Amino acid sequence: MGPFFFDWYCGEHGALSAQQPTRSNRDDAVHSRSRQWMERELEATPPFLRHPYFQRAAPVTMLIDEVEGLWAPIAERDDWSLFEAKLRDVALMREAFGPS
């Protein structure tokens with residue numbers, strides 16, 4: 001689930017982000033119509049979205065910059081804490097999207 005859908009579907013942080021996008025090149029009229037449609041169509045929260053993963057401020061990602069950020073402390077100080085935290089985040093995401 002990408003950031004756009006995470007913002008619209010998930011938790012209080014996502015709702016705030018969806019209402020106040022930071023992109024300066026967005027079309028306010030299109031955003032407003034999209035927001036009205038999403039609010040009307042998505043009134044009921046599907047049960048799987050009540051999982052704690054979906055209450056996070058942002059979805060779990062694994063972008064190249066993040067991977068490099070995880071690797072640097074390992075290479076420099078043998079510090080695996082960020083890597084282990086990312087594994088916990090991925091496990092929580094897997095649990096949220098996994099079979100019920």
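Tyr-53, Phe-54 and Phe-97 form one aromatic cluster, here described from a predicted model. A search of the whole structure finds four aromatic pairs, and one of them joins Tyr-53 to Phe-97 in an edge-to-face arrangement, with 5.9 Å from centre to centre and 65 degrees between the planes. This pair links distant parts of the chain, since Tyr-53 belongs to the loop between helix H3 (28-41) and H4 while Phe-97 belongs to helix H5, 44 residues apart. With a relative accessibility of 1%, Tyr-53 counts as buried, whereas Phe-97, at a relative accessible area of 40%, is partly exposed.

The rings of Trp-80 and Phe-83 also make an edge-to-face pair, because their centres are 5.6 Å apart and their planes stand at 80 degrees. Trp-80 is located in the loop between helix H4 (64-77) and helix H5 (81-97). Trp-80 is partly exposed at 36% relative accessibility, and Phe-83 is partly exposed at 31%. Together with Leu-87, Trp-80 and Phe-83 form a nonpolar patch on the surface, with about 270 Å² of accessible area together.

Turning to charged side chains, the structure holds four salt bridges, among them the three set out below.

| Salt bridge | N to O distance |
|---|---|
| Asp-89 and Arg-56 | 3.3 Å |
| Lys-86 and Glu-66 | 2.9 Å |
| Arg-77 and Asp-79 | 3.8 Å |

Asp-89 counts as partly exposed, at 24% relative accessibility, and Arg-56 counts as partly exposed at 23%.

The salt bridge between Lys-86 and Glu-66 likewise links distant parts of the chain, with Lys-86 in helix H5 and Glu-66 in helix H4, 20 residues apart. Lys-86 counts as buried, at 11% relative accessibility, while Glu-66 counts as partly exposed, at 25%.

Arg-77 and Asp-79, whose side chains meet in a salt bridge, are also linked with Glu-76 in a network of salt bridges.

Definitions and conventions:
Residues numbered from 1 in each chain as written. Predicted model: local features only at pLDDT ≥ 70, side-chain atom pairs only at ≥ 80, totals over all residues. Heavy atoms only, no water. Patch = residues over 30% accessible without salt bridge, like charges linked within 9 Å, V, L, I, M, F, W, Y side chains within 5 Å. Areas by Shrake-Rupley, 256 points an atom, 1.4 Å probe, with all protein chains shown as cover. Helix = DSSP H or I, 4+ residues; strand = E, 2+ residues; numbered from the N terminus. Phe/Tyr/Trp six-rings, centres within 6.5 Å; stacked < 30°, edge-to-face > 60°. Buried < 20%, exposed > 50% of the residue type's maximum accessible area, 1.4 Å probe, protein only.
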